[in-house]
2 protein chains.
Amino acid sequence: MEIRVVLVEPKYDGNVGHVARVMKNFGVKELFLVRPRAELGEVSIARAMHAVDVLERARIVSTLEEALEDVEAAVATTAVLGSTPARNPLTPWEAREQLADHGKVALVFGPEDRGLRTWEIELCDATVFIPTSEEYRSMNLSHAVAVLLYELTKDEHVPERYGRPATKREKEVLVGALDRLMRALGIDEVRRGNVRTTFRRFLARARCTDKEVKALLWILEKARRRVEGYSRSGDPGGDP
Amino acid sequence: MEIRVVLVEPKYDGNVGHVARVMKNFGVKELFLVRPRAELGEVSIARAMHAVDVLERARIVSTLEEALEDVEAAVATTAVLGSTPARNPLTPWEAREQLADHGKVALVFGPEDRGLRTWEIELCDATVFIPTSEEYRSMNLSHAVAVLLYELTKDEHVPERYGRPATKREKEVLVGALDRLMRALGIDEVRRGNVRTTFRRFLARARCTDKEVKALLWILEKARRRVEGYSRSGDPGGDP
C-alpha cells in the first residue's frame with residue numbers, strides 16, 4: 001500500500017508543516033491540499049523540519065474529486081460518530097487489514113475547525129475513526145495524521161532486533177549455573193529445588209533473550225568461582 | 001493499565017500544551033514534568049485547548065527518580081537504536097502486550113533536542129521505539145506521545161458499532177432476491193448461476209453487515225417488483 005495524504009481546506013500553515021514532518025517520519029511523501037486556506041510560509045517550513053521536500057512537492061487542487069482521481073481507494077477520517085453509513089467507521093487497525101493488498105490509498109482529513117462534511121465522506125470508500133475518550137474526541141490535525149500513518153505503516157519499519165528469544169537449552173544452562181552457585185553456598189537440595197522452579201517460572205514469564213541469558217550466566221559463574229575460592233582458601237580478597 | 005506521561009526537561013511550552021491535549025484525547029490525565037526548561041504560559045494553554053485541566057494538575061519534579069517512585073513499571077522512549085540493552089527496544093504493540101495486566105505505568109519522553117540519555121533509559125524497565133522511516137526518525141514530541149497513547153489505550157475507546165456482520169442466512173436471502181430479479185429479467189439459469197456465484201464471492205470478500213444487506217435487499221426487491229409490473233401491464237410508468 002502506498003499512501004497519499006489529502007488535507008481538505010487546512011486552516012493553519014503550521015499544521016501543514018507538522019503534517020509534512022510526520023509523513024516523512026513514516027516514509028509517506030505524497031501530500032495533496034484541497035483549497036488550502038493558508039499560504040504555506042515560514043511557519044510551515046519551520047514546523048516541517050527535515051521534511052521541507054514533502055511541503056515543496058505538495059500538490060494544490062481545487063476539488064476533493066481531483067485529489068482522489070487516480071487512487072485505488074480513499075479513506076475518510078472523522079471524529080463524529082453516528083448511525084449513517086458515512087459515520088459508521090472502521091478502527092485504524094481494521095482499515096490496515098482491509099487496505100493491506102491495495103495499491104495507492106488516499107487518507108483524507110478535514111479542516112481543523114469542522115472536519116469532513118458528510119458529502120465529502122461519501123466520496124470515499126471507507127471511514128476511519130481513531131478510538132478516543134468520549135470526554136474529548138477532537139484531536140489536533142497532525143496528531144491524527146501521526147496515529148493513522150503509524151498504524152498503516154507499522155509493519156514496514158520494524159527495527160532489526162539484537163538478540164533472539166533464548167532456547168529451552170540455554171535457559172537450562174542458566175538454571176544449572178544458579179544451582180551450582182547455591183550448592184557452593186551450602187544450600188540444601190529441597191530449597192535449591194524450590195528456587196530452581198521459581199527461577200524457571202520467572203525466565204518463562206520474562207521471555208528472555210539469548211543475550212540476557214548470557215549476561216546472567218556470566219554473573220552467576222563469576223559469583224560461584226569467587227564463593228568456591230573463599231571456601232578453599234579462606235581468603236576474602238582478589239579474583240581466583 | 002493506568003498511564004502517567006513523564007516529560008524530561010521539555011524545552012518548548014507549546015509542546016507541553018500539545019502533549020496535554022493528546023493525553024486528554026486518549027483519557028490519560030497524569031502529567032509529570034522533570035526540570036522543565038520553559039515556563040508553562042499562554043502558548044501551552046492555547047495548545048492544550050480543552051485539556052487545560054491536565055496542564056494545571058501537572059506535577060513538576062526535579063529528578064526522574066521522583067517521577068517514577070510509585071509506578072509499577074516505567075517505559076523509556078527512544079529514536080536511537082543500538083545493540084546495548086538500553087537501545088534494544090520493544091515495538092509499541094509489544095509494549096502493550098507486556099504491560100496489559102500492569103497497574104500504573106510511566107511513559108517517559110526525553111527533551112526535544114536530545115532525547116533520553118542512556119542513564120535515564122537504564123532507570124526504566126523497558127524501552128520502546130516507534131517504527132519510523134530510516135530516512136527521518138526524529139518525531140515531534142507530541143506526535144510520539146500521540147502514537148504511543150493511541151497504541152496503549154486502543155482497546156479502551158472502541159466505538160459502539162451500528163450493524164453486525166451479516167449471517168450466511170441473511171446473505172442467502174439477498175442472493176435469492178438477486179436471482180428473482182434476474183429471472184424477472186428473463187436471464188437463463190446458466191448465467192444466473194454464474195452471477196449468483198460471483199455475487200456470493202463478492203459478499204464474502206466485502207464482509208458486509210446486516211444493515212448493508214438490508215439496504216441492497218430493499219433495492220433489489222423494488223427493482224424486481226417494477227420489472228414484473230412492466231412485464232404484466234406493459235406500462236413503463238409509476239410504482240406498482
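In this predicted model, chain A has a mean pLDDT of 91, and 96% of its residues reach 70 or more. The pLDDT falls below 50 over residues 235-240 of chain A, a stretch that has seven contacts in the model beyond near neighbours in sequence. Where pLDDT is low, predicted coordinates should not be read in detail. For the complex, the predictor gives an ipTM of 0.84 and a pTM of 0.85.

The contact between the two chains takes 46 residues from chain A and 46 residues from chain B. About 4200 Å² is buried between them, and carbon and sulfur atoms give 56% of this area. Of the area that chain B buries against chain A, 18% is supplied by B:Tyr136, B:His143 and B:Tyr150, more than by any other three residues. Polar contacts between the chains number 24 residue pairs, both residues being at pLDDT 80 or more. On the side of chain B that touches chain A, helices H1 (13-25), H2 (42-48), H5 (92-99) and H7 (141-153) each supply at least two residues. Helix H7 of chain B gives the most, with six residues. By class, this side of chain B comprises 20 nonpolar, 15 polar and 11 charged residues.

Side chains of opposite charge can pair when their charged atoms come close. The structure holds 58 salt bridges over all chains, and six salt bridges are found across the interface of chain B and chain A. A:Glu135 and B:Lys24 are joined by a salt bridge with an N to O distance of 3.9 Å.

Within chain B, B:Arg96 forms a salt bridge with B:Glu151, the closest N and O atoms lying 2.9 Å apart. This pair links distant parts of the chain, 55 residues apart, with B:Arg96 in helix H5 and B:Glu151 in helix H7. B:Glu151 is buried, at a relative accessible area of 0%, whereas B:Arg96 is partly exposed at 22%. A salt bridge also connects B:Arg96 with B:Asp155, at 3.4 Å between the closest N and O atoms. B:Asp155 lies in the loop between H7 and helix H8 (168-184) of chain B, so its pairing with B:Arg96 in helix H5 ties together parts that are 59 residues apart in sequence. With a relative accessible area of 58%, B:Asp155 is exposed. Salt bridges that share partners join A:Arg96, A:Glu151, A:Lys154, A:Asp155, B:Arg96, B:Glu151, B:Lys154 and B:Asp155 into one network.

Helix H7 of chain B also contains B:Thr153, which is buried with a relative accessible area of 2%. Leaving aside neighbours within four places in sequence, B:Thr153 is in contact with B:Ile3, B:Phe26 and B:Val28. In helix H10 (residues 210-233) of chain B lies B:Glu221, buried at a relative accessible area of 17%. The side chain of B:Glu221 makes a polar contact of 3.1 Å with that of B:Arg180.

In chain A, the side chains of A:Asp70 and A:Arg4 meet in a salt bridge at 2.9 Å, N to O. A:Asp70 is located in the loop between helix H4 (64-68) and strand S4 (73-77), and A:Arg4 in strand S1 (residues 2-8), so the pair ties together parts 66 residues apart in sequence. A:Asp70 counts as exposed at 51% relative accessibility, while A:Arg4 is buried at 2%. A:Lys104, placed in strand S5 (residues 104-109) of chain A, touches A:Arg4 and A:Glu30, among others. The side chains of A:Lys104 and A:Glu30 are joined by a polar contact of 2.7 Å.

Notes
Residues numbered from 1 in each chain as written. Chains lettered and ligands numbered in written order. Heavy atoms only, no water. Helix = DSSP H or I, 4+ residues; strand = E, 2+ residues; numbered from the N terminus. Buried < 20%, exposed > 50% of the residue type's maximum accessible area, 1.4 Å probe, protein only. Polar contact = N/O pair within 3.5 Å; in protein donor to acceptor, adjacent residues only side chain to side chain. Contact = heavy atoms within 4.5 Å. Buried area = accessible area lost by both parts, 1.4 Å probe. Salt bridge = Lys/Arg side-chain N within 4 Å of Asp/Glu carboxyl O. Nonpolar A, V, L, I, M, F, W, Y, C, P; charged D, E, K, R; others polar. pLDDT = per-residue confidence, 0-100.
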